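Colleague: I have just opened this one and would like a walk through it. Can we take it piece by piece?

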Amino acid sequence: MDSIRIRGGPPLMGAIEISGAKNAALPLLAACLLTGETLTLSNLPHLADIATMAHLLAELGVDVSMNGDACNGGYAGRVFGLTAARAGETTAPYELVRRMRASVLVLGPLLARNGYARVSLPGGCAIGTRPIDLHLKALAQLGADIELEEGYITARAPNGLKGAHVLFPMVTVGGTENLMMAAALAEGETVLANAAREPEVADLARCLIAMGAHIEGAGTDTLHITGVKCLRGADYTVVSDRIEAGTYAVAAALTGGDLQLIGGRMDLIEALADTLVNAGAEVTETADGVRVSGAQGPLRGVDVMTEPFPGFPTDMQAQLMVLMAVAKGASMITETIFENRFMHVPELCRMGANINVHGASAIIRGVEELSGAQVMATDLRASVSLVLAGLAAKGETVINRVYHLDRGYERLEEKLSACGAVIERIKGK
Ligand code: UD1
């Protein structure tokens with residue numbers, strides 16, 4: 001397995017182009033199952049999770065054509081043409097769902113279009129149990145008959161789904177996306193209350209509208225969806241990745257550097273930008289993105305709680321913790337979305353951080369400096385937090401088991417080294 005070696009110290013200076021958002025791209029890819037016409041998606045990031053979803057769609061009978069690699073020196077976002085012309089296979093197998101939980105996003109569209117779907121249960125994952133009970137309850141409210149057998153969800157709606165009023169007891173991004181896609185082809189009106197307001201959910205709504213869906217309230221916590229008989233093809237560009245932008249924003253603040261995040265969207269990273277400013281960094285909107293520069297004096301500790309959008313994102317929690325690890329004073333980070341998302345803490349402590357976890361909160365007492373070490377990547381955002389720690393640490397850091405990074409960060413070493421980081425990938429055997 002590959003590892004990444006970093007020699008910490010240099011402030012990051014320069015420009016980084018922000019890729020299309022992985023978490024927006026995954027439901028958008030699944031949306032192709034809703035129509036027999038071609039859905040063309042551009043600005044798709046080059047990532048392992050995107051390849052996994054494309055593989056799953058191909059298994060389900062979707063014709064996936066790919067281009068766009070040749071433009072812009074080979075690094076423009078990819079363009080996929082996706083055509084689910086035939087009512088093909090309706091089973092999403094364990095082998096693929098196991099690799100990526102977001103595979104469950106094919107459930108709503110398959111069921112809505114074919115009246116039947118069989119999707120492997122995703123099981124637990126490193127950051128918590130992450131059940132999909134809310135997806136299933138809500139689909140049942142739309143009239144689906146759902147059974148769990150032999151590790152698979154079997155959902156049937158032979159006479160089609162019927163619109164209903166669904167109140168999510170807690171905010172679920174994937175649940176809102178699955179239901180929005182299912183309701184787009186259901187008969188009558190569906191109301192999704194306490195819906196997720198994440199930009200990736202709004203991006204999906206915009207694409208579905210371009211495909212002919214009737215959806216009101218995109219980006220708010222109440223979605224009104226009036227089902228239509230069929231949807232058509234569309235051309236759609238994936239929104240920029242706010243978590244990738246946020247990660248590089250932290251890298252700039254952490255190393256006392258100055259980065260232009262080209263294509264980054266200030267309106268999508270406001271909670272993080274406020275936190276960085278409170279910590280002493282400078283964050284400004286520019287004509288082509290966002291600029292972040294390090295603090296003039298020492299960084300200051302800040303208290304943060306993760307929340308659904310527009311609150312501080314759980315997907316930025318590990319990265320912010322690295323910044324707090326070297327800030328002056330104490331900080332408290334409370335994780336309210338996932339129950340087991342502090343796996344980076346022991347690794348950061350091995351690099352000299354002073355962090356104590358009490359239930360859902362981590363108390364971080366800033367230290368002068370982190371020191372390089374051999375560390376192990378666990379989940380995606382925890383992995384990138386170790387990269388950030390390595391960039392700021394004294395000496396050499398080697399991060400093992402980096403395949404998680406390839407799931408979510410496009411050309412990470414290349415983007416960072418172009419801005420002065422001393423970072424290289426060591427190919428595993
Ligand atoms: C998505 C993102 C992930 C992000 C998360 C929260 C994708 C591909 N992934 O994950 O990066 O960290 O949103 O912003 O977009 N829950 C239930 N039952 C359910 C569904 C969710 O109890 O049926 C719980 C989860 O265990 C978790 C919380 O609700 O504690 C939020 O989960 P959810 O918003 O659904 O996350 P994902 O869509 O899986």
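Colleague: How much space lies in the second largest cavity?

Modeller: About 40 Å³. A cavity is, on a 1 Å grid over the protein atoms alone, a set of points where a 1.4 Å probe fits but cannot get out. Grid points are joined across faces, edges and corners, and a volume is the space filled by probe spheres set on the points. This is a predicted model, in which local features need pLDDT of at least 70 and side-chain atom pairs count only at pLDDT 80 or more, while totals for chains, interfaces and linings use all residues. Residues are numbered from 1 along each chain as its sequence is written, and side-chain values use heavy atoms, with hydrogens and water left out.

Colleague: Which residues line the second largest cavity?

Modeller: Ser19, Gly20, Lys22, Pro45, Leu47, Asp241, Glu244, Gly408, Tyr409 and Glu410 (lining means having an atom within 4 Å of a point). They divide into 3 nonpolar, 3 polar and 4 charged. Ala, Val, Leu, Ile, Met, Phe, Trp, Tyr, Cys and Pro count as nonpolar, Asp, Glu, Lys and Arg as charged, and the others, Gly among them, as polar.

Colleague: How many cavities does a search of the whole structure find?

Modeller: The search finds 2 cavities of 30 Å³ or more.

Colleague: Now helix 4. Is it mostly covered or uncovered?

Modeller: Mostly covered: 6 of the 8 residues in helix 4 (residues 107–114) are buried. Buried means under 20% relative accessible area, with a 1.4 Å probe and protein chains only. Helices (H or I, at least four residues) and strands (E, at least two) are DSSP runs, numbered from the N terminus.

Colleague: What do the buried residues of helix 4 pack against?

Modeller: Helix 1 (22–30), strand 7 (116–120), helix 5 (133–141), strand 9 (152–156) and helix 6 (173–184), where contact means heavy atoms within 4.5 Å. Gly115 follows helix 4 and has a positive phi, near 75°.

Colleague: And Leu41, where does that lie?

Modeller: Leu41 is in strand 3 (residues 38–44). Its relative accessibility is 0%, so Leu41 counts as buried. Leaving aside residues up to four places away in sequence, Leu41 touches Leu28, Leu29, Arg78, Val79, Phe80, Leu82 and Tyr236.

Colleague: How many bridges join strand 12 to strand 13?

Modeller: There are 3, and strand 12 and strand 13 (residues 222–226) run antiparallel. Ile215 has Ile225 in strand 13 as its bridge partner.

Colleague: What do strand 20 and strand 21 form?

Modeller: A hairpin, with 2 residues between the strands. Gly359 in the turn has a positive phi of about 60°. Strand 20 (residues 354–358) and strand 21 (residues 361–365) run antiparallel and are joined by 5 bridges. Val357 is opposite Ala362 in strand 21.

How values were computed
Buried < 20%, exposed > 50% of the residue type's maximum accessible area, 1.4 Å probe, protein only. Pairing = 2+ DSSP bridges. 1 Å grid on protein atoms, 1.4 Å probe; cavity = no way out; pocket = protein on both sides within 12 Å on 5 of 7 lines; lining within 4 Å.
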